[in-house]
Amino acid sequence: MNATDTAALAHTALEQEIAQLVIDTLNLEDLDAADIPPAQPLFGEGLGLDSVDALELALALQKRYGIRVESDAKHARDHFATVANLAAYVASQQAACAS
Amino acid sequence: MNGAPAREPHWAAQKERGSFALMWLTALAVRRLGRRPLTPVLYLVVLYFFVFGRRARRNVRQYQSRLAAWSGRDELRPTTRRVFGQFMAFAESLLDRLDVWRGKLGMAQVQLHDPAGVRERLRASVHGGRGQILVCTHLGNLDVCRALAELEERVPLNVLVHNRHVAQFNRLQSAAGDRQLRLLQVSEMDAALMLDLSQRLDRGEWLAIAGDRVPLHDGRRVVVDFLGHAAAFPQGPWLMAGLLRCPVNLMCCLKIDGRYQIRLEPFLDTAEWERGGREATIARWAQRYADRLARLCLLAPQQWFNFYAYWQLADEGGSDADPRRAAR
């Protein structure tokens, strides 16, 4: 099993945290962080979130991690596609802020 | 816009805004020369606008007849005199706006109707506490509220405007006073804006946003019944309240018997929606708002300053389910 396969199944600590944040922010009480695999699409087909959910999520992420989510629509769409992408985005933004 | 030919331009893009600009020029001249010598000039401009603004005239007539039918009050039915009266009321509101910015119209001349004590909460948030949302309307004279909030109450009030022209007009007019309004030009609700607004609320600032006009570039609208007919209202204020989880109050300023009356009332104590029930909740709030607005129209029937085709439903509805709009 290579690194990519592992990433698709298990959460990193940050992914776990973000999955929980998604659940708390959007009141998905019937779900558990483990129910949102890192690679599962959050929007449309996957978890079924919509643009207002995304806005709510972006607001929560910004507050929690002290980052700024830029409004570049094309990239935002990628960053918000999955929990894994969100974790990578948050990590990169935090690194950018720290430097 | 590429709508059907029969469609009228959106309010923000109407040609008749040119006539409004003419009124504004006059109003600014009033500022230099004083109100009295220029009042007849402004009336002439209004007369011109009335005679040649066929579309605006028709829209006012439609509003008046719907208000009359909905309320069952025959005396509100449109006549040429009553339609003209609505144009005159608008001209008067322009003059009053300048007065208030010049400090000639103060809190002492204004009657406050605030049975629930919203004003106390507004004042209290200056000394800590979270801000709230004020949903405003184009019924009556909004600027009197804004100006008094800024000048007399020293309340940090952020006014959200959708349109560049509105922003310019407002700047022009607040320049007539010695203070700048905090105007936030909002073209679309995005993550950065929401964070900014959220931080402002946390600092105790309040947000004022119009609840009765659908912005040009934001497709988030909800169709409600207003005065007995379907009209598109914006989702913006309600979405914002839900996302920012903050209480909503209504504010309007009506001129009744020659005297301004500011009305403040709580509207939503907690803006929350159930998972999966957001659309329905927003539609319910918007409908309740439209119902309240209709009642307020009866207090000052001629101060409805929406001169565009109010009941025209736009066909370009924005779908919230489109992930391409995600996080924008």
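A residue counts as buried if 20 or more other C-beta atoms lie within 10 Å of its own. Keep that cut-off in mind for this predicted model. By it, five of the five residues of strand 5 (residues 206-210) of chain B are buried, so the strand is largely enclosed by the rest of the structure. The model scores ipTM 0.80 and pTM 0.84. This briefing takes the two chains first, then confidence, then selected parts.

**The two chains**

- Chain A has 99 residues, and 34% of them count as buried.
- Five helices and zero strands make up the secondary structure elements of chain A. Along the sequence the pattern reads α-α-α-α-α.
- Chain B has 328 residues, of which 41% count as buried. Its elements are 10 helices and nine strands.
- Contacts between residues at least 6 apart in sequence can be split by their separation. In chain A, 64% of these contacts join residues at least 24 apart. In chain B, the figure is 75%.

**Confidence in chain B**

- The average pLDDT of chain B is 81, and 79% of the residues score at least 70.
- Confidence in chain B is highest in helix 10 (residues 278-299), at a mean of 97. It is lowest in helix 7 (residues 164-174) of chain B, at a mean of 57.

**Strand 5 of chain B**

- Both faces of strand 5 of chain B are covered. On one side, B:Trp206, B:Ala208 and B:Ala210 are buried.
- Strand 2 (residues 133-140) of chain B pairs with strand 5 of chain B in the parallel sense, over four bridges. Here B:Leu134 has B:Ala208 as its bridge partner in strand 5 of chain B.
- Strand 3 (residues 157-161) of chain B also pairs with strand 5 of chain B in the parallel sense, over four bridges. B:Leu160 has B:Ile209 as its bridge partner in strand 5 of chain B.

**Helix 10 of chain B**

- Helix 10 of chain B has 22 residues. From its first C-alpha to its last it reaches 32 Å, close to the 32 Å expected at 1.5 Å a residue.
- The buried residues of helix 10 of chain B are B:Arg278, B:Ile282, B:Trp285, B:Ala286, B:Tyr289, B:Leu293 and B:Cys297. They cover an arc of only 120° around the axis, so they sit on the same side of helix 10 of chain B.
- An α-helix has 3.6 residues a turn, so residues three or four places apart point the same way.
- The face of helix 10 of chain B turned away from its buried side carries exposed residues: B:Ala280, B:Arg295 and B:Leu298.

**Two positive phi angles in chain B**

- B:Leu227 has a phi near 55°, a positive value in a residue other than glycine. B:Leu227 lies in the loop between strand 6 (221-226) and strand 7 (229-234) of chain B. Is B:Leu227 buried or exposed? B:Leu227 counts as buried, because it has 22 C-beta neighbours inside 10 Å.
- B:Arg245 has a phi near 50°, again a positive value in a residue other than glycine. B:Arg245 lies in the loop between helix 9 (236-244) and strand 8 (248-256) of chain B. B:Arg245 has 14 other C-beta atoms within 10 Å, so it is partly exposed.

**A loop residue in chain A**

- A:Gln40 sits in the loop between helix 2 (13-25) and helix 3 (51-65) of chain A. With 16 other C-beta atoms within 10 Å, A:Gln40 is partly exposed.
- Which residues does A:Gln40 contact, leaving aside its neighbours within four places in sequence? A:Gln40 is in contact with A:Gly46, A:Leu47 and A:Thr82.
- A:Gln40 and A:Val69 are 29 residues apart along the chain, and their C-alpha atoms are separated by 21 Å.

Notes:
Residues numbered from 1 in each chain as written. Chains lettered and ligands numbered in written order. Predicted model: local features only at pLDDT ≥ 70, side-chain atom pairs only at ≥ 80, totals over all residues. Buried ≥ 20, exposed ≤ 12 C-beta atoms within 10 Å, placed from the backbone. Contact = placed C-beta atoms within 7 Å. pLDDT = per-residue confidence, 0-100. Pairing = 2+ DSSP bridges. Expected span 1.5 Å × (residues − 1). Arc of directions from axis to C-beta.
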